Amino acid sequence: MDINVVDNYSELSEKAAAIVVNEVNCRPDTVLGLATGSTPEGMYAQLVKKYQERKVDFSDLITFNLDEYSGLSTEHPQSYHYYMHKHFFDHINIKSHNINIPHSEDRDIAHACGEYDRKIIEAGGINLQILGIGVNGHIGFNEPAEHLNTGTHLVDLSDETIAANSRFFNSRDDVPYQAITMGVGSIMHAEKILVMACGKNKARAIQLMCCGKVTTNLPASLLQLHRCVTLLLDREAASLLE
Ligand code: GLP
């Protein structure tokens, strides 16, 4: 793993955006795996800025988002559909048919999940996957468990994740208890992976991810098995690393 520690959030966001811009400029039809959450917000703002400055063109970009809550409409302000359009897609020139986000509203979820995986394969796989990390070491919404799924699937969110994400909702009871997430197989098949983390509350998960045993009980630890992972951490998230 290539571990990079930066001084603050704006540096983290700028560096992450620079990696994405470089990827897209080298290969305009890049397939990007995208993450949500508070961590990548600054990166998206930087990417929009770079687009406005004409330093990057997203017209051939293809994206696959990692996950989506189950039971929220795409217009719900806390849905990841809404998030992605608000922070990124509505401000750039990506073609709408090149945007892929798991759909929780499909009646036949198993079929929709299979289709999502099929589309990723059809696109040639993910070139660069952006990841955040949960306080419990989840990636996407792949929660710590005895077994993990390789493909896209419906998952029960852990109490820890519901508690962590309740800050975005009016109350804990409003947080969906299920989500659709890309599986660890699709994530691990990405050519390159960029993990971003900031804040003290991520330090333990980062420590276990980098230096702990590889275990499904900390899904991010599987990234130790991947050949091309770059980590962008602020000082607090990196504080428990040697
Ligand atoms: C969320 C998302 C993840 C994200 C993580 C961290 O629940 N499913 O994809 O990486 O939790 O979020 P944040 O960046 O807000 O800490």
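Where does Ser59 lie? Select Ser59 and you land in the loop between helix H2 (41-52) and strand S3 (62-65); helices (H or I, at least four residues) and strands (E, at least two) are DSSP runs, numbered from the N terminus.

Before moving on, some ground rules. Residues are numbered from 1 along each chain as its sequence is written, and side-chain values use heavy atoms, with hydrogens and water left out. The model is predicted, with local features needing pLDDT of at least 70 and side-chain atom pairs counting only at pLDDT 80 or more, while totals for chains, interfaces and linings use all residues.

Stay on Ser59: at 18% relative accessibility, Ser59 counts as buried (under 20% relative accessible area; exposed is over 50%, partly exposed in between, with a 1.4 Å probe and protein chains only). Show its contacts (heavy atoms within 4.5 Å) and, leaving out residues up to four places away in sequence, you get Asn93, Lys95 and Asn98.

Next, click Glu68, in strand S4 (residues 67-69). Glu68 is buried but has no salt bridge (a side-chain nitrogen of Lys or Arg within 4 Å of a carboxyl oxygen of Asp or Glu). Lys86, the nearest side chain of opposite charge, is 14 Å away (Lys and Arg count as positive, Asp and Glu as negative; His and the chain ends are not counted). So what does the side chain of Glu68 make a polar contact with? Pick the side chain of His81, at 2.7 Å.

Last stop: Met1, in the segment before strand S1 (2-6). Met1 is partly exposed, at 40% relative accessible area.

Notes. Polar contact = N/O pair within 3.5 Å; in protein donor to acceptor, adjacent residues only side chain to side chain.
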